[in-house]
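Hi,

Here is the structure I promised to pass on. Have a look below, and my notes follow.

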Amino acid sequence: MLQNFHKNNLLIIDGHSCLYKSYYALINLKNKNKYPTGAIYGFINTLNYLNNILNPRKTIIVFDTKYKTNRTLLYKKYKNHRKPMPKNLYIQIKPLKKILLAIGFPIITLKNIEADDIIGTLTQIFKKKFSKIFIYSSDKDMFQLINNNVHLIQNIKNLKILSNLEVFKKFKLPAKKLVDFFSLTGDTVDNIPGVPGIGPKTALFLLKNFSSLKKIYKNLKNIEKNIEPKFQRILEILKKNKKNAFLSKKLIKINKNINLKINLKKIFQINPNIPFLIKIFTKYQFYKYLKNIHNQEFSLLKKN
């Protein structure tokens, strides 16, 4: 698949997903002053790798907001079981963003809006401008965005570019039905309830027979008349948890129509700041990238 890539590609990076992966991969990396640098170095490494492999024409980096979002307001337990960000990771975010802007990458963060919705909106806005859109994220909610134009990369260690075909192989459902699938099964990572007692096999059975969450509940009376005794338990579970199911769908479904409040014509017009990069790479002892800059081989500077 790699050899068939067009040059007119857009790469969207889920910033926090990339941050955490980079941090834990290089958790002990520090400079001579004992300042942690692993998340920063790993993030740049990931960007460099993806740019070399995918050859995107443009790259956008999206970060989550630190403020409450509409999902948190809708469901207080949403993501409330997650541990606070490690301090050694948190203190790397600000310098990382400065580095990314100095390279020339646009960064988007919106108050009260999750990165998922920003990414979903970007895929909608740019679907006709770019031949392919690649999302780098470990968030499984991103599966729902996959289509003929949008592809997902979850891991660079064993690089797999997920398309409609891979989604169907994994879930036995097309990407457009995954919102309803996870609305039934729930999501322990984000603390989304789903329908307790409905697992992947049962969710798949229901969606293959009734197409959508809405149609499942619309047909409960017909199901009750024709259901085999062994499925009676499922029917009772569905009845009892209807509110949970549709709440879960609201939490899981990515909004692709957010008002980004940015000038899309100017989003890529960021001039690189090479003196700043040399200064901060020296401070953090990123000697490989210093050498690349001096030899005019730092490929990220040529991308946006």
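In this predicted model, helix H4 meets helix H13 through Pro-95, Lys-98, Ile-99, Ala-102 and Ile-103 on the H4 side and Phe-276, Leu-277, Ile-280, Phe-281 and Tyr-284 on the H13 side. Sorted by class, that contact has nine nonpolar residues, one charged and no polar ones. H4 covers residues 87-103 and H13 covers 274-284; their axes come within 10 Å and cross at roughly 145 degrees. The crossing of H4 past H13 is left-handed.

Next, the sheet. It is open, has six strands in the order S3-S2-S1-S4-S5-S6, and its pairing is mixed. S3 (107-108) and S6 (161-162) are at the edges with a single partner strand each, so one side of each has no neighbour in the sheet. For S3, the pairing with S2 (residues 58-62) is parallel, over two bridges, and Val-62 stands opposite Ile-108 in S3. Helix H5 (residues 115-125) packs on this sheet, where it touches S1 (9-14), S2, S3, S4 (132-136) and S5 (150-153). The direction of H5 makes about 155 degrees with that of S2.

Most residues other than glycine have a negative phi. Asn-191, though, has a positive phi near 65 degrees; it is in the loop between H7 (178-185) and H8 (200-210), and it counts as partly exposed at 23% relative accessibility. Gln-285 also has a positive phi, about 65 degrees. Gln-285 lies in the loop between H13 and H14 (287-294) and, at 26% relative accessibility, is partly exposed too.

Cheers

Terms used:
Residues numbered from 1 in each chain as written. Predicted model: local features only at pLDDT ≥ 70, side-chain atom pairs only at ≥ 80, totals over all residues. Heavy atoms only, no water. Axes fitted to C-alpha atoms, helices over the stretch in contact; angles between N-to-C directions. Helix = DSSP H or I, 4+ residues; strand = E, 2+ residues; numbered from the N terminus. Left-handed = near helix turned anticlockwise from the far one by under 90°. Contact = heavy atoms within 4.5 Å. Nonpolar A, V, L, I, M, F, W, Y, C, P; charged D, E, K, R; others polar. Pairing = 2+ DSSP bridges. Buried < 20%, exposed > 50% of the residue type's maximum accessible area, 1.4 Å probe, protein only.
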